[in-house]
Each structure stands twice: as structure tokens, then as C-alpha cells.
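I opened the model to look up some annotated positions and the surroundings of the ligand. My entries follow in the order I made them.

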Amino acid sequence: MIIKTYPPSQDLADNAHANKATYDQMYAASVSDPDTFWGHQAQRLDWIKPFSRVKNTSFAPRAVNIEWFGDGTLNVAANCIDRHLVDKADQTAIIWVPDDPGADAQHITYRDLFENVGRMSNVLKGLGVKRGDRVILYMPMVPEAAYAMLACARIGAIHSVVFAGFSPDSLGARVNGSGAKLVVTTDYAPRGGRKTPLKSNADAALLHCDDDVKMLVVKRTGDQISWLEGRDYDYNALAASASPYCTPAEMGAEDPLFILYTSGSTGQPKGVVHTTGGYLTYAAMTHEYTFDYKPGEVYWCTADVGWVTGHSYLVYGPLANGATTLMFEGIPTYPDAGRSWQIVQDHKVSIYYTAPTAIRALMAHGDGPVQGYDLSSLRILGTVGEPINPEAWNWFNETIGKGNCPIVDTWWQTETGGHLITPLPGATPTKPGSATLPFFGVQPVILDPTSGAEQTDVAAEGVLCIKDSWPGQMRTIWGDHARFEKTYFSDYKGYYFTGDGCRRDEDGYYWITGRVDDVINVSGHRMGTAEVESALVAHPAVAETAVVGYPHAIKGQGIYAYVTLMNGEEPSDDLRKDLIKWVRAEIGPIATPDLIQWAPGLPKTRSGKIMRRILRKIAENDFGSLGDTSTLADPSVVEDLIENRMNRG
Ligand code: 6R9
């Protein structure tokens with residue numbers, strides 16, 4: 001197959017923050033002398049007390065330690081707001097576009113942001129939140145979500161945003177896991193013309209938490225909600241009498257900024273910890289270079305605040321750079337599939353950053369909904385979350401970018417804090433489906449999955465690891481540093497293990513081939529198959545289950561569950577529906593199984609291990625190549641599963 005390459009336009013090569021020569025020179029400097037390189041880059045922030053050392057990191061077995069700018073002090077909110085007041089007080093910081101297409105957008109200036117974050121900070125303090133305390137933000141896409149994140153940063157509290165699509169059980173587990181004493185939420189969350197009852201979900205979650213956990217409720221719709229006097233606090237009432245001024249706390253560069261729970265290969269989500277100085281330096285620098293952000297431009301990242309992309313590229317990176325960031329409460333198909341293009345036209349969006357699954361969903365509606373909108377403001381397009389298939393890439397390039405906008409396919413993870421492998425618009429010729437080349441300071445390596453040997457040929461395939469630290473790297477798993485070392489630094493000693501498989505082509509370009517662990521990627525969201533399994537086995541009718549991913553035209557991967565029922569339970573469509581409802585209630589709608597196959601037995605080794613490789617193949621409808629099945633305890637199980645397979649596409 002001939003792969004077409006798309007070089008940067010001459011205009012971008014001449015005017016972007018980096019062209020090929022700058023990239024090569026800066027990359028070389030970043031890896032040969034990281035102290036000088038990052039010491040210089042960190043000057044993009046305002047420090048209260050300057051740091052005297054830059055990089056102090058080790059990936060050595062049993063001594064993993066990551067520290068950047070260790071003795072410096074700063075405040076993230078002051079960097080995202082206060083310092084811009086000098087010249088940008090009246091510039092829009094956040095354009096908020098509500099779900100209702102008939103409602104007006106709000107333009108929140110940097111001065112407004114300063115005052116609203118100040119009020120939120122004082123409200124949090126009034127509720128007893130102190131430096132180092134954890135605050136759960138169970139928030140939809142409203143400005144108050146950003147205010148609350150920045151308010152925590154301002155007073156030195158640690159926020160943990162829980163995606164508003166998660167169930168009460170998932171929320172409760174995160175309140176308990178982080179030891180939070182306060183949950184901030186809204187009454188309801190409008191989205192796509194429907195309303196999620198967030199406050200009542202939070203009520204249900206708190207039934208499983210300490211009695212002293214408080215709740216702060218932001219009014220979004222004003223619909224009636226239940227109220228527990230003494231536990232629940234009305235944000236709007238408290239903010240009305242709160243001062244807009246709050247002195248930012250002086251935080252150490254390595255003080256935690258936030259915890260974000262993400263799926264791993266066990267049933268327990270991990271609390272990924274990011275800190276202050278390195279994270280913000282990295283989020284700001286990548287936002288500027290990857291999107292070639294220029295002052296005055298309107299930048300739109302469609303990610304929800306509940307995911308890491310919403311942290312680094314909706315809130316922290318853009319605001320640290322004094323950008324105008326657009327926050328959209330709704331979904332791209334409401335009221336119709338032209339909504340995104342209406343927003344681009346109305347707000348003259350220059351940079352549009354979204355997920356391949358959203359592109360595929362919109363592409364399925366054809367070009368019709370795009371026509372009639374003026375997309376000429378667009379300059380740069382970006383994708384994140386999963387590999388992008390060439391069809392979707394081409395549609396994005398031609399129908400949305402009109403062939404004039406480079407597409408930056410950014411590969412990174414919750415753990416990495418910011419982009420690690422990505423094109424730069426003025427520097428990197430792109431190839432559809434490849435995240436291309438490493439960002440400054442990032443040294444990817446491809447290891448042989450069995451021997452762990454570094455593949456030194458340019459063209460290679462294996463597991464993707466990173467050789468040395470970068471400032472945005474996660475520091476630990478909340479409350480479990482041993483798990484941090486085990487998950488990321490024990491399979492391949494001396495490297496950070498990403499969990500992704502990868503191919504490097506003859507030009508040195510990286511092509512992510514997907515997860516090599518039991519994590520699947522559903523609509524760009526990470527889901528541990530073990531999490532879905534533990535939800536399913538908690539159902540009284542289920543004896544055993546195995547969950548795998550399979551190719552899905554829109555979602556990238558769908559969720560395929562093999563279910564063995566308890567003795568005496570009969571398979572039925574009603575039970576299937578009931579199991580689906582059950583999983584949605586246990587985890588949330590993003591974990592909804594797409595296909596459930598009744599399995600009288602699961603293929604196991606003689607030692608009782610489920611052979612997932614075989615289950616994956618059957619789910620992929622690729623059972624001609626099952627590989628070695630000689631170690632199976634009962635090979636006839638496999639024939640039954642093949643015969644009754646649910647995916648015949
Ligand atoms: C930012 C984010 C991380 C996993 C990652 C990989 C997949 C993300 C990708 C991509 C191919 C890209 N992934 N970006 N795969 N190309 N451009 O998505 O974080 O939710 O933690 O997911 O997503 O498998 O390991 P997170």
C-alpha cells in the first residue's frame with residue numbers, strides 16, 4: 001500500500017512556532033541537555049520562588065522517582081489567570097456554548113474568570129477545604145467545572161474530576177479512594193436535549209461514603225432536587241456573598257495538582273497523580289507547539305473535563321497560554337449533525353481538536369450537514385484518543401479541513417500529562433494514521449515484547465516504552481506507589497511502559513497499534529475489561545464472564561462479553577437487557593456491553609486460566625487462526641463459542 005505524505009504548507013513552515021529545522025535543533029537539544037532545555041521552557045511560567053534544579057528522575061527498579069523543578073514554588077491558577085490580567089483582562093478566556101442551540105453563548109473574560117475563580121476559592125475555603133485536601137468534581141461541561149478546578153489549584157487543594165457519565169457506584173468509589181471530604185456537582189446536566197440528574201446520582205453515591213462528606217451544588221437548570229440540610233450547600237447563594245479576591249497559595253512544584261482515575265488491567269481504576277510545575281510547563285508548551293497556537297485565536301477542544309484531554313487541553317494548557325478556549329456543553333449530533341460546524345462558524349474557531357470516534361460518527365451522516373457552513377476560520381485540526389483510520393482521516397482532511405489544515409494526530413495518555421508523539425503543524429509531514437514523531441524531550445523506544453530488547457533498527461515493531469522522564473509525567477498512583485512501580489516500570493526494567501503496541505516505519509514514524517494489556521478503547525475512552533467483568537459477575541444470575549474488545553465501525557472497539565450463567569438460570573433476551581442495564585448502573589453508560597454471548601463454558605488452560613487470546617479471535621470473527629489450542633482443558637468449548645458467535649461482520 002502506498003501511503004501518501006502531507007507536508008506542511010510553505011506558509012506554516014515560514015510562520016509556525018516550529019518548522020523542520022527548529023524541530024530538529026530543539027529536539028536534539030532537549031535530549032542532549034534536558035536541564036538546560038526544560039529550565040528554559042519553565043520560564044514560560046511565573047514562579048514565586050525560582051527552582052535551582054531541573055530534572056531529578058530515575059526509572060531504576062525499586063527506586064522510581066520523578067521530580068522536576070523540585071525546589072521551585074508557584075501557583076497554577078495565578079499562571080492561568082492573574083498574570084494575564086495585565087494585558088488580557090478584557091479578552092475572552094472561555095467561550096461557553098450551552099447544549100440548547102437556542103441559548104446564547106457566554107463570553108467569560110480573564111477578569112470574569114479571575115473573579116469567579118476567586119469566589120469559588122472562598123466558598124471552598126468557607127466549607128473547610130484546606131491545602132492538600134481532595135475535592136471531587138462531579139461536573140458536566142459548565143464554566144463552574146473550570147472555576148472549581150482552578151479554585152482548588154488556587155488554594156492548594158487537589159481536585160479529582162469524575163466524568164459526569166459515571167454511575168453513583170463509580171463516583172462513590174472515587175470519593176472513598178481519594179479520601180475526599182467534598183463533592184462539587186450540579187443539579188442536572190443537560191446534554192443532547194436530555195438531562196442527567198447529577199445531584200441525585202451524587203446523593204446515591206454518598207450513601208456509601210463517610211457521613212462527613214459535604215456536597216456543594218451548582219445550579220444549572222434550576223429543576224427541583226432533594227436537599228439534605230447540613231450536608232448540602234448551595235453554591236450560587238454562597239458565591240453571591242463571597243469575595244472575588246483570594247490570594248493564591250504558594251505551592252511546591254511537586255505538590256499534587258490533581259488526581260484522575262483511569263482504567264488499568266485490573267478491576268480497580270488507578271488514581272493518576274499529576275503535580276504542579278512540570279505538568280503546567282508541559283501542558284502549556286505542548287498546547288502552544290502542537291496546535292501552533294497564536295494569540296487571539298479561538299481554540300476548541302471537544303473533550304469532556306472528566307478526561308485528561310479536558311484537563312490539559314481544555315483548561316490548563318490553553319489558559320496558561322492566555323488563549324480563548326471554547327467549552328461546549330452538548331454533543332455534535334444535537335439538534336443535528338451540523339452542530340459542530342455551526343459552532344465553528346459562529347465563533348470563528350481556528351483550531352479544532354476532537355476524537356476519531358466523533359469524526360466517524362459525523363462522517364456517517366455524509367457531507368450534507370457540513371455544507372452551508374463557513375469553515376474558513378479553521379487552520380489546524382487535531383485528533384486524540386485512539387488510532388485514526390485512513391477513511392476518517394481523509395474525510396476530516398477534505399470535508400472539514402478542505403485540504404488546507406494540517407491534522408495533528410496526538411498520541412498520549414492520562415499518565416503522560418500531555419502529548420508525547422505528535423506532528424507539529426509547521427514541521428512534520430503527516431501520514432494518515434501515524435502519530436509521527438516524538439515531542440521535545442520524549443525518547444520513545446520499541447522493545448521486543450518477550451526479550452525486552454530495544455529494537456535498534458529504524459523499522460521495528462513491538463511494545464512502546466519511553467526511555468527517560470519528561471516534565472508532564474505522572475508521579476505516582478494515589479496511595480499506592482508500589483502499584484505505580486509495578487504497572488509502569490517492572491515489565492521492562494529501566495523504561496516507562498505505555499501499555500501500547502507500536503510499529504516504527506522506515507522514516508522513523510510511530511504507528512500505535514493498540515493496547516497490549518486488557519484495556520480496550522471504546523469511543524476513545526479507556527475501559528478495563530476487568531472492570532466490566534467485575535460488574536457482570538456481581539449480577540446474581542452470572543457465574544463467570546470474560547470481556548474482550550472487538551472492531552466496531554464507530555466506536556473503534558466495542559465491548560464483547562462472554563457470560564456463563566449460574567446453574568438453573570436460563571438465557572433470554574430479557575436477561576440480556578437486564579445485564580446491560582446492570583453494567584450501566586454499576587459503571588456508567590460508557591461500559592455498556594455491545595454484544596453478550598451466552599457461554600456454557602469458557603476456554604481455559606489446565607491450570608484454570610481463561611485463554612483470552614482465543615476469545616478475542618472469536619469476537620473478531622477471525623476464528624480461522626486460533627493458534628495453539630493444545631493447552632486447553634476442554635477444546636469442545638471453543639467449537640460451541642464459534643458456532644454461537646455474535647459478531648459475524
Ligand atoms: C489522551 C488519552 C490513552 C490510550 C493510549 C492509546 C490510546 C490515545 C492515541 C491513541 C493511537 C492516538 N491513544 N491517543 N492511540 N493514536 N493519537 O486518550 O488518554 O484516556 O489515558 O488513553 O489511548 O492506547 O494508551 P487515555
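**Entry on T309.** I looked up T309 and found its place in helix α12; helices here are DSSP runs of H or I with at least four residues, strands are runs of E with at least two, and both are numbered from the N terminus. I note that this is a predicted model, where local features need pLDDT of at least 70 and side-chain atom pairs count only at pLDDT 80 or more, while totals for chains, interfaces and linings use all residues. Residues are numbered from 1 along each chain as its sequence is written, and side-chain values use heavy atoms, with hydrogens and water left out.

Is T309 buried or exposed? I count T309 as buried because its relative accessible area is 9%; buried means under 20%, exposed over 50%, and partly exposed in between, with a 1.4 Å probe and protein chains only. Not counting residues up to four places away in sequence, T309 touches C301, A303, L314, Y353, V384 and W412 (contact means heavy atoms within 4.5 Å).

**Entry on the first annotation.** An unreviewed UniProt entry places the feature "binding site" at R191, G192, G193, R194, T309, S523 and R584. These positions are spread over 394 residues of sequence and also in space, up to 24.1 Å between C-alpha atoms. UniProt positions are given in the numbering used here, feature names are shortened, and annotations may be inferred rather than shown by experiment. I located G193 in the loop between β9 (189-191) and β10 (194-196). Leaving aside neighbours within four places in sequence, G193 is in contact with D99 and Y334.

**Entry on the second annotation.** The "binding site" annotation from an unreviewed UniProt entry also covers a set of residues including E386, D409, T410, T414, D500 and R526.

I found E386 in the loop between β19 (380-384) and α15 (390-400). E386 counts as buried, because its relative accessibility is 9%. Among the residues in contact with E386, beyond its neighbours within four places in sequence, are R360, N521, S523 and K555. The side chain of E386 makes a polar contact with the side chain of R360 at 3.1 Å. A polar contact is a pair of N or O atoms within 3.5 Å; within protein, one must be able to donate a hydrogen and the other to accept it, and residues adjacent in sequence count only if both atoms are side-chain atoms.

T414 sits in the loop between β20 and β21 (444-447). T414 is buried, with a relative accessible area of 10%. Its contacts, not counting residues up to four places away in sequence, include H274, V308 and R526.

**Entry on the ligand.** Which residues come nearest to the ligand? Of the 17 residues around the ligand, these are D409, T410, T414, D500 and R526 (near means a heavy atom within 4 Å). The shell divides into 6 nonpolar, 6 polar and 5 charged residues.

I then checked atom pairs. A nitrogen atom of the ligand is 2.8 Å from a polar backbone atom of T410. An oxygen atom of the ligand lies 2.7 Å from a polar side-chain atom of D500, and a polar side-chain atom of N521 lies 3.5 Å from an oxygen atom of the ligand. Taken alone the ligand exposes 530 Å², and the protein buries 95% of that. The elements that give two or more residues to the shell are α12 (308-320), β20 (407-410) and β25 (510-515).

The annotation "modified residue: N6-acetyllysine", from an unreviewed UniProt entry, covers K609. K609 is in the loop between β30 (595-598) and α19 (612-619), and it is exposed, with a relative accessible area of 59%.

Definitions and conventions:
Accessible areas come from the Shrake-Rupley method with a 1.4 Å probe; for residues, only the protein chains shown count as cover. Ala, Val, Leu, Ile, Met, Phe, Trp, Tyr, Cys and Pro count as nonpolar, Asp, Glu, Lys and Arg as charged, and the others, Gly among them, as polar.
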